[in-house]
Amino acid sequence: MLIVSTTLARKLTSGTTLVVPPRVRIADGSLVQCPQSFSHLSWEVQQYQFSSAFLSLPMPSYDMILGVDWLASHSPMQIDWQHKWL
């Protein structure tokens, strides 16, 4: 699952307000409602372009979270944690 912050979602125009917002369990174990979804959000990282479906969550510290399913679908990849690049 891919997640975009509600702060960033407010700046986007292609979102759909969900009639029955799904709840997502976050890292601390609590459940948070996803008020909005994006079926085909185009985005770019280091000049690579992607189009993905996203749910929005209130995340004050992050703009986007890429889930394990997204990472697996783009494997294998090179990661340099020290220099912070994929």
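Is W70 buried or exposed? W70 counts as buried, at 9% relative accessibility; buried means under 20% relative accessible area, exposed over 50%, and partly exposed in between, with a 1.4 Å probe and protein chains only.

Before going on, two notes on the source. This is a predicted model, in which local features need pLDDT of at least 70 and side-chain atom pairs count only at pLDDT 80 or more, while totals for chains, interfaces and linings use all residues. Residues are numbered from 1 along each chain as its sequence is written, and side-chain values use heavy atoms, with hydrogens and water left out.

I will start with the strands. Helices (H or I, at least four residues) and strands (E, at least two) are DSSP runs, numbered from the N terminus. Two strands pair if DSSP finds at least two bridges between them. β5 and β6 pair in the antiparallel sense, over seven bridges. In that pairing, S42 stands opposite S51 in β6. The two strands form a hairpin with two residues between them, and Q46 in the turn has a positive phi of about 45°. Strand β1, residues 3-5, pairs with β6 in the parallel sense over three bridges. There, I3 has L55 in β6 as its bridge partner.

Next, the aromatic rings. Rings of Phe, Tyr and Trp (its six-membered ring) pair if their centres lie within 6.5 Å; planes under 30 degrees apart count as stacked, over 60 as edge-to-face and the rest as tilted. Searching the whole structure gives four aromatic pairs. For W43 and F54, the ring centres are 6.1 Å apart and the planes are at 80°, so this pair is edge-to-face. Because W43 lies in strand β5 and F54 in strand β6, the pair ties together parts that are 11 residues apart in sequence. Both residues are buried: W43 has a relative accessible area of 9%, and F54 has 3%. W43 also forms a tilted aromatic pair with W70, at 5.5 Å centre to centre and 45° between the planes. W70 lies in helix α2, residues 68-73, and W43 in strand β5, so this pair ties together parts that are 27 residues apart in sequence. One aromatic cluster is formed by W43, F50, F54 and W70.

Last, the pockets. On a 1 Å grid over the protein atoms alone, a pocket is an open set of points where a 1.4 Å probe fits, with protein on both sides within 12 Å along at least five of seven lines; lining residues have an atom within 4 Å of a point. The largest pocket holds about 280 Å³ of space. Its lining includes W43, Q46, D80 and K84. The second largest pocket holds about 230 Å³. W43, Q46, F50 and W70 are among the residues that line the second largest pocket. β5 (36-45) and β6 (48-57) each supply at least two residues of that lining.

How values were computed:
Grid points are joined across faces, edges and corners, and a volume is the space filled by probe spheres set on the points.
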